[in-house]
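Hello,

Here is the structure I promised to pass on to you. Have a look at it first, and then read my notes below.

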Amino acid sequence: MVVDDEPGIRSGVSRILENFSVSYPFMDEDFEFNVFLAETGEEALDILRRQPLDIVLLDNKLPGIQGIDVLDHINQENIDVVVVMITSYASLDLAVRATRQGAYDFVPKPFTPKELRASIETITKQLFLRRMTEKLNVEGRQVRFQFLSVLSHELKAPLNAVEGYLEMMQEKKFGDSLGKYDEIVDRSLFRIQGMRNLILDMLDFTRIESGKKSRKIEPLHLCEIVQHCIDSFQPLSIQKDVDVYLNCSEKTPLKADRQEMEIVVNNLVSNAIKYNKQGGRVDINLRKDNGHIQLSVEDTGIGMKKEDIDKLFEDFVRIRSEDTKNISGSGLGLSIVKRLLNLYDATIHVESQPGKGSSFAITFPDNQ
Amino acid sequence: MLKNTKKTILIVDDDMDYLFQMKTGVQDMGFDVITADTQREAESIIERTKPDLAILDLMMENQDTGFILCHKIKRKYPDVPIIIASAVTSETGMLFDVTTQEEQEWIKADLFLDKGIRMDQLQREIKKLLKI
């Protein structure tokens with residue numbers, strides 16, 4: 001749409017864009033233009049409210065409300081359109097104000113047909129890309145793509161590390177004595193372990209994502225699951241000299257899928273041990289709070305800063321610090337926990353103090 | 001007599017194994033190596049020291065840590081060549097492209113390398129950038 005009080009500009013633009021089309025290698029078809037005309041800002045807004053348009057060529061100096069006011073209305077009413085200001089005298093002040101309000105481009109007046117076409121071409125491509133991105137976002141493809149790229153980074157890093165160490169051994173970098181390579185072998189094993197954990201987490205993750213995992217909802221005794229989990233992590237807790245205490249004051253069964261609950265409990269308990277201090281403790285409480293079953297896991301570990309808590313449940317987020325750099329983790333565990341809890345409309349609340357410890361409390365809705 | 005001072009190379013990467021391997025490899029090429037495994041550590045190093053070249057990992061604490069560091073080093077020492085090493089380039093060309101096409105001008109890294117690069121290739125690139 002051309003918004004200009006000068007009839008010459010309106011007819012000029014119509015003529016210039018009449019037989020003009022924009023093509024782009026990625027686009028399936030060429031873009032052609034239908035031109036709408038408006039003499040005043042008021043008229044332009046009327047048209048915009050009635051039907052969606054793609055591009056507005058907006059003169060600033062208009063008989064009624066000014067171009068910049070039209071821009072303001074477009075913003076306030078959230079009209080999805082790209083605005084190009086046409087100005088006869090380029091004023092810096094106007095340019096700054098208009099750009100701040102979201103004008104995409106400026107075309108100086110008078111303009112040549114070539115200038116106008118060039119500007120329209122850029123905008124069309126930009127618009128196409130923007131809509132494409134929105135479409136991808138809606139389909140979740142963007143998210144998945146990013147997820148995959150981070151995943152491949154996470155999988156490649158340990159492979160690179162182990163490969164590098166093996167090459168050092170092959171070249172006998174540190175001499176012939178096998179003992180010189182102890183640390184390198186330890187680090188390689190550590191990275192392989194990390195990769196294994198990541199793959200296991202990935203499997204949980206994709207099952208939840210695809211929704212294909214067969215679920216069996218049955219009454220479960222969480223206490224039993226937690227106890228079993230504590231037992232299975234005993235080698236780790238002994239190694240870190242962490243005491244794990246369980247207090248089960250709630251015996252009501254919870255209707256849930258056993259495997260899913262095991263994943264949730266395993267993640268929280270293993271984190272509480274992993275991120276603990278040598279000689280620390282973990283307190284697990286299962287109780288009823290206001291009629292809701294609540295499971296809390298408290299540790300005396302390294303804790304986190306407040307800004308870290310907010311990121312904790314995102315995919316592949318690991319809190320990186322001096323304290324965590326020797327702890328292997330996929331960055332997926334808590335993201336998996338969160339997704340699973342969403343299936344139950346359960347909430348998870350985190351409290352933490354750096355250097356003191358963290359507590360994770362899950363509250364299940366009353367589903368009995 | 002020809003003055004033959006050892007060149008110093010700063011390597012920044014949060015993967016301690018990769019950092020160790022790079023350090024060993026680059027030292028073997030005959031350079032002095034300083035390492036940092038966080039953005040903060042790298043920043044405090046460049047406050048005190050001017051390296052002859054820097055090799056930065058792209059994705060560290062944040063997805064753009066490498067870029068930010070690059071920007072800061074170039075602002076302080078415009079003449080220090082910078083290599084950005086990334087494990088992301090090869091398998092996700094697209095993601096990398098989107099962020100770099102416009103950013104590459106802004107960033108002014110001298111070279112983008114894939115992390116899988118062989119040491120002899122790396123040595124050649126370093127020598128080219130140091131003009132030795």
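How many bridges join strand β1 (residues 8-12) of chain B to β2(B)? There are 5 bridges, and the two strands run parallel. One example is B:Leu10, whose bridge partner in β2(B) is B:Ile34.

Before going on, a word about how to read all this. This is a predicted model, in which local features need pLDDT of at least 70 and side-chain atom pairs count only at pLDDT 80 or more, while totals for chains, interfaces and linings use all residues. Residues are numbered from 1 along each chain as its sequence is written, and chains are lettered from A and ligands numbered from 1 in the order in which they are written.

**Chain B**

Chain B has 5 helices and 5 strands (helices are DSSP runs of H or I with at least four residues, strands are runs of E with at least two, and both are numbered from the N terminus). Starting at the N terminus, the elements follow the pattern β-α-β-α-β-α-β-α-β-α. The 5 strands make an open sheet with parallel pairing, in the order β2-β1-β3-β4-β5 (two strands pair if DSSP finds at least two bridges between them). β2 (32-36) and β5 (111-114) of chain B stand at the edges with a single partner strand each, so one side of each has no neighbour in the sheet. From one strand to the next, the twist averages 20 degrees (angles run from 0 to 180 degrees between N-to-C directions, and axes are lines fitted to C-alpha atoms, for helices over the stretch in contact).

Of the 132 residues in chain B, 35% are buried (a residue is buried if 20 or more other C-beta atoms lie within 10 Å of its own, exposed if 12 or fewer, and partly exposed in between, with C-beta atoms placed from the backbone).

**Chain A: a parallel sheet and its helices**

Chain A comes to 12 helices and 14 strands, and 27% of its 368 residues count as buried. Here, too, 5 strands form an open sheet with parallel pairing, in the order β4-β1-β5-β6-β7. The edge strands are β4 and β7 (105-108) of chain A, each pairing on one side only.

Look next at β5(A), where 5 of its 5 residues are buried. In a regular strand the side chains alternate between the two faces of the sheet. In β5(A), A:Ile55, A:Leu57 and A:Asp59 point one way, and A:Val56 and A:Leu58 point the other way. β5(A) pairs with β1(A) in the parallel sense over 2 bridges; A:Val3 has A:Leu58 as its bridge partner, and A:Val2 has A:Leu57. β5(A) also pairs with β6(A), again in the parallel sense, over 5 bridges, and there A:Asp59 has A:Ile86 as its partner. Across β1, β5 and β6 (82-87) of chain A lies α3(A), which runs at about 150 degrees to β5(A).

Which residues of helix α2 (residues 41-50) of chain A are buried? They are A:Gly41, A:Ala44 and A:Leu48. Seen down the axis of α2(A), these buried residues fall within an arc of 55 degrees, so they line one face of the helix (the arc is that of the directions from the helix axis to the C-beta atoms). A:Asp46, A:Arg49 and A:Arg50 are exposed on the other side of α2(A). The cover over its buried residues includes β1 (2-3), β4 (37-38), β5 (55-59) and α3 (67-76) of chain A (residues are in contact if their C-beta atoms, placed from the backbone, lie within 7 Å).

**Chain A: an antiparallel part**

Strand β14 (residues 357-363) of chain A pairs in the antiparallel sense with strand β12 (residues 292-299) of chain A over 5 bridges, and A:Glu298 has A:Ser359 in β14(A) as its bridge partner. β14(A) also pairs with strand β13 (residues 347-353) of chain A, antiparallel again, over 7 bridges. In that pairing, A:Val350 stands opposite A:Phe360. β13(A) and β14(A) form a hairpin with 3 residues between them, and A:Gly355 in the turn has a positive phi of about 80 degrees.

Happy exploring, and do write back with questions!

How values were computed. Two residues are in contact if their C-beta atoms, placed from the backbone, lie within 7 Å.
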